[in-house]
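Me: I have a protein model open and would like to go through it with you. Could you help me read it?

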Amino acid sequence: MLNELITVTDLSGNCEPIASVSPTLERTVNGEKILSFRIFQTLENEYSFPLIQEESEIEFLGEKYIIKQANYKPKGKTYFKTVVAYHKFFCDMSDQRIYESYTQSFTFRNAVKVVFDNSGYTYEIVDEFYAEDWENFGKDNRLALFQDVLNRYGAEFEIVSQTHIRLKKRIGNQTDFQFRFNFNIKTLDYQIDTKSLATYIKGTGKDGITAEYTSPNASIFGIRDAEEVDDDRYTTVSGLTERLKSDLSQVDKPIISITVDFIDLRKAGFPFQIPNCGDDVYLIHEPMGLDLTVRIVSITEEFDVNLNPIKTSVTLGNIRNTVASSFDQASKTIDSIFDGNGKIKFSFLDEAVKRATQDIQNSQTEIEYSNGFIAREKTDTNKLVVFNSGGLGVSTDGGVTFKNAITANGVVAEAINAGTMRSIILEASEMYGGLLLSKNSTNTKWNLDTGKLQMENANFELSGSALIEFLDARNKIAYEKYDADTSTRRTAGIGFTDAINERFPLVYMGTSVGDKYGFGAIDENSFTGFIANTNRREFEDGIGNSVVGDIFQIRDKAIAFTRGFTYDLNGTTVEFKPLNSGTYQYNMGASNNHFNKLYLSDSIHTPRGRFDVESTSTPNQGFSFITNYDGEPQLTFRGKHADEFYRLGTDVFRWSYIYLKYQPDVTSDERQKEEILDNTLGLDFIRDIKTKTFKLINTNKNLMKEPIQYGVIAQDLRDNLINKGVNVDDINLLSLGSNGMYSVQYNQLIPPTIKAVQELDDKSTATEERLSNIELTLQDILTRLEFLENGTTDTTTTT
């Protein structure tokens, strides 16, 4: 028949009832609810069958599930679907991610708040939990973080309604229900599984930090390695260790489970309509020697097409005491409270209860009825109790006022005396007492007479602009430790005191030699740490905030640090140095935040053999000092980039001397030149250059006198160039500086000098040719004369 209690809704919002299915529902103690069924293509499911697909929503018995697995199989000329759907809570929480990360201490409530805020789900917390320190909590989906929270705080949860969760230390109830052989057990399967048993785990966090943890159960089972943890979210050893403990606690004990198929629990006297996960029950099976208190850790129910349960099986686990041992312990406790007649021993009662018991037992009362029942004391008619629909009131003034009353608005009482008083909210204008103790009598103890507050495993949480005020300069928060190796007491803490004749407050945080009572920021106790002063004290005596100690570091982590700076004040040479500079690069200042000046009294050392001075606005503009040879024959001072242009000095700011071992090397490659023409300045130009000797006008107060120099006068050279038709504004042989002064590049005179030499060489060659011709002519004349002298008439000569 058509069953309206199970429906399907697809992603488009189409909703149809599902008929003729026999679902199976599995529930576990960790809150999981998994629904599965097989559906055939029939006329009854004509409209719902197409909607049953992945991510469709199934509503079953008032709760919603999302199909996460769908299997399609043929059968004859049709086919059927087998689906597995998970409760919508798990799907929604898995689909939502928290991108923030937190490293801090969290109470259970605050950790749960991080997980559930803006999730669409609400929650309630029933029990109390200790706070826990977290490292990088977040950056995961909500479901995974929720599981981390449950594991860390040891909590369990149950889904109360579609969008509401209840969190407790332990879900379920203690019941007197029994699974018993030959009574309601059909089959029983007792399993002990140690395949995944492990007692030792090791982990690695960020930057290579490591930690390890060994379970106490290693003394029983020996060392068995668990899967190693490798998670960069953990940056401290303590945080990583907590993770290892949590992981190992899941596998350091054998898995013991008992699966029982039984006659329907609801027909066997279970006090609830259906069994609940987490309930404690008794398991008695005489043939196997089992007499245990066990817990229901999972329930699997199979339903018929009318959604009536037809088969139920439970898995039992968490074996605790036997019934006999539990009963024996309970009997001892009861015997200490009750007498032989089953009455509570009067001596066991609290003093306040004793007084109240005696008052009531000794009272002499008359009952009246006027606007309710009135119980009036005979011996003092002003003392009465009124009980009506408005409430219950106790008066000592004849009913004029009721200083002790119970009404719909609450309880009013001048004094409440109780052995144990539990409350959610307690409001009071005054409270009197000598001693306040926590429930377990060990965690918190407050002696109101002496003012001493003792707390263990405690956390303070303040909000709403809270203020903790110290009223004198001797207040401090301190921790004292005795060092047996040196027989010395040392103290660490935070303190508050005054400076300069008690005018200005200051705060200090650090350590010192001595006990907690002498702890303070003074030299006598070797204080090291931080001292914060007021701005006014800086003005008065120049003392500002201080870091005290021979070595002070700024670093990235507390323990497994890799980078930072060290101030080392030991010895006569004080050092400020980076950490791990071989791995990390350090800058003084940044491209948009510069230091103004750098003062050095010695040298600059660079381990890589190179020191650069460069522009912050334009990359590669600057100079490089190469301070090692690195295969080259000389050390080098050069520009940073070959495409930039560099000069030493300017037309105004000039170097006095340059000392060179070799000649300057000037670029002269034809491939780097253009507009190449033959030089026309030669002998005429050189001949007209006037050379001079001179002294520069002495402007150097450190120079006794200027030396005599040989050179030219720029103005004479200018006139000579102009006379030779040279545009002096288009050359750099002669330059006019921005200060109006001329300068000369003497090396530019070399080409005209070469030209002059070449011209002289040409003239010399012509002269030699003329002289040679004259010499030949002279030789001919001498030959002719010789013939004449000899009377020879033959005057023929050879030339």
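Me: What does the accessible surface of the protein chain come to?
Reply: The accessible surface of the protein chain is about 55,400 Å², and 51% of it belongs to carbon and sulfur atoms. Such areas come from the Shrake-Rupley method with a 1.4 Å probe, and for residues only the protein chains shown count as cover.

Me: Where does the model come from, and how are residues numbered?
Reply: This is a predicted model, in which local features need pLDDT of at least 70, side-chain atom pairs count only at pLDDT 80 or more, and totals for chains, interfaces and linings use all residues. Residues are numbered from 1 along each chain as its sequence is written, and side-chain values use heavy atoms, with hydrogens and water left out.

Me: How many of the residues count as buried?
Reply: Of the 799 residues of the protein chain, 26% are buried. Buried means under 20% relative accessible area, exposed over 50%, and partly exposed in between (1.4 Å probe, protein chains only).

Me: And how many helices and strands are there?
Reply: The protein chain has 11 helices and 45 strands. These are DSSP runs numbered from the N terminus: helices are H or I with at least four residues, and strands are E with at least two.

Me: Let us take β1. Which way do its residues point?
Reply: In strand β1 (residues 6-9), I6 and V8 point one way, T7 and T9 point the other way, and all are buried.

Me: Which strands does β1 pair with?
Reply: β1 runs antiparallel to strand β5 (residues 57-60), joined by four bridges, and T7 stands opposite E59 there. β1 also pairs in the antiparallel sense with strand β2 (residues 15-17) over three bridges, where V8 stands opposite E16. Two strands pair if DSSP finds at least two bridges between them.

Me: What about the hairpin of β1 and β2?
Reply: Five residues lie between the strands of that hairpin, and G13 takes a positive phi near 90°.

Me: New topic: which residues have the most contacts inside the largest nonpolar core?
Reply: They are F89, F108, F116, V149 and F157, in a core of 26 residues. α2 gives the most to this core, with six residues. A nonpolar core is a set of buried Ala, Val, Leu, Ile, Met, Phe, Trp, Tyr and Cys residues joined through side-chain atoms within 4.5 Å.

Me: What does F157 touch?
Reply: Leaving aside neighbours within four places in sequence, F157 is in contact (heavy atoms within 4.5 Å) with residues including V29, F89, F146 and I171.
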